[in-house]
Amino acid sequence: MSGDFELSMDELRAVARYATEAARQVLPVFERAVPGDPRPRAAIDAAREFVGGAARRRLQRVASMDAHRAAKDAGSEAARLAAQAAGDAASAAYLHPIAKAHQVGHILRAAANAARIAEIEAGEDAAAGAAALEAARARATPVLIDVLRRYPRAPEGRGRPARLMSALDASLRD
């Protein structure tokens with residue numbers, strides 16, 4: 001794919017691995033809230049297949065869309081964020097090499113969602129979100145950070161997950 005810069009398959013796999021790790025952590029939140037809905041787990045499985053060396057294929061795109069539909073169907077914020085993280089993990093294989101700030105969401109949103117879920121599960125304790133962001137920062141590889149730095153900073157959002165993503169973005173760039 002042509003764009004503003006190049007992204008290798010190894011770089012895409014590093015991004016997908018990072019998003020998948022975050023999504024796997026919070027998948028149980030979705031599965032407890034919506035038992036029997038396999039879409040987010042299928043998205044994580046599709047992402048793991050790509051991370052493991054398989055070619056990008058339609059499987060990742062379809063699984064991503066299905067997980068995002070599951071997010072819309074979820075009955076709670078935490079379940080919605082967990083399903084969205086799974087969708088983001090599957091779609092990371094198709095990160096666009098276009099220098100637009102919204103692309104940062106494809107890299108960091110799953111980790112930001114996991115941080116927001118940590119806050120929710122801790123009774124809206126911001127310290128739980130901060131700890132989750134620190135763990136996400138510690139998991140970031142040099143390859144992931146190099147890819148992230150090719151994009152503009154994450155857009156400032158109004159919602160808590162967007163603010164968490166902006167904070168994670170800033171911490172990884174510094």
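Biologist: Is Arg116 buried or exposed?

Modeller: Buried means under 20% relative accessible area, exposed means over 50%, and partly exposed is in between, using a 1.4 Å probe and protein chains only. Arg116 has 7% relative accessibility, so it counts as buried. Keep in mind that this is a predicted model: local features need pLDDT of at least 70, side-chain atom pairs count only at pLDDT 80 or more, and totals for chains, interfaces and linings use all residues. Residues are numbered from 1 along each chain as its sequence is written, and side-chain values use heavy atoms, with hydrogens and water left out.

Biologist: Which residue forms a salt bridge with Arg116?

Modeller: Here's the rule: a salt bridge is a side-chain nitrogen of Lys or Arg within 4 Å of a carboxyl oxygen of Asp or Glu. Arg116 makes one with Glu124, and the closest N and O atoms are 2.7 Å apart. These two also belong to a network of salt bridges that links Glu77, Arg116, Glu119, Glu124 and Arg160.

Biologist: Where is Glu124, and how do I read secondary-structure names?

Modeller: Helices (H or I, at least four residues) and strands (E, at least two) are DSSP runs, numbered from the N terminus. Glu124 is in the loop between α5 (104–121) and α6 (126–139).

Biologist: What is the phi of Glu124?

Modeller: As background, most residues other than glycine have a negative phi. Glu124 has a positive one, near 70°.

Biologist: How many salt bridges does a search of the whole structure find?

Modeller: It finds 17. Take Glu11 and Arg150, whose side chains meet at 2.4 Å, N to O. Glu11 lies in helix α1 and Arg150 in the loop between α7 and α8, so this pair ties together parts that are 139 residues apart in sequence. Glu11 counts as buried at 14% relative accessibility, while Arg150 is partly exposed at 23%.

Biologist: And what does Asp88 form a salt bridge with?

Modeller: With Arg109, at 2.6 Å between the closest N and O atoms. Asp88 sits in helix α4 and Arg109 in helix α5, so the pair ties together parts 21 residues apart in sequence. Asp88 is buried, at 1% relative accessibility; Arg109 is partly exposed, at 26%.

Biologist: Which residues is Asp88 in contact with, leaving aside neighbours within four places in sequence?

Modeller: Contact means heavy atoms within 4.5 Å. By that rule, Asp88 is in contact with Ala19, His68, Gly105, Arg109 and Ala110.

Biologist: Now rings. How many aromatic pairs turn up in a search of the whole structure?

Modeller: A pair is described by the distance of the ring centres and the angle of the planes. Rings of Phe, Tyr and Trp (its six-membered ring) pair if their centres lie within 6.5 Å; planes under 30 degrees apart count as stacked, over 60 as edge-to-face and the rest as tilted. The search finds one pair. Phe5 and Tyr151 have ring centres 5.0 Å apart and planes at 90°, so the pair is edge-to-face. Phe5 lies in the segment before α1 and Tyr151 in the loop between α7 (142–148) and α8, so the pair ties together parts 146 residues apart in sequence. Phe5 is buried at 15% relative accessible area, and Tyr151 is buried at 2%.

Biologist: Which ring does the charged end of Arg139 sit over?

Modeller: A charge sits over a ring if NZ of Lys or CZ of Arg is within 6 Å of the ring centre and within 35 degrees of the ring normal. For Arg139 the ring is Tyr18, with the centre 4.5 Å away. Arg13 likewise lies over the face of Phe50, at 4.5 Å from the ring centre.

Biologist: Where in α1 is there a kink?

Modeller: The bend at a residue is the angle between axes fitted to the seven residues ending there and the seven starting there. In α1, a kink of about 40° lies at Val26, shortly before the proline Pro28. As for length, the expected span of a helix is 1.5 Å times one less than its number of residues. The 25 residues of α1 (9–33) should span 36 Å, and the end C-alpha atoms are 35 Å apart, which agrees.

Biologist: What covers the buried residues of α8?

Modeller: The cover includes α1, α4, α5, α6 and α7. Among the buried residues of α8 are Pro161, Leu164, Met165, Leu168 and Leu172. Residues three or four places apart in an α-helix point the same way, because there are 3.6 residues a turn. Ala167, also in α8 (160–173), is partly exposed, with a relative accessible area of 40%.
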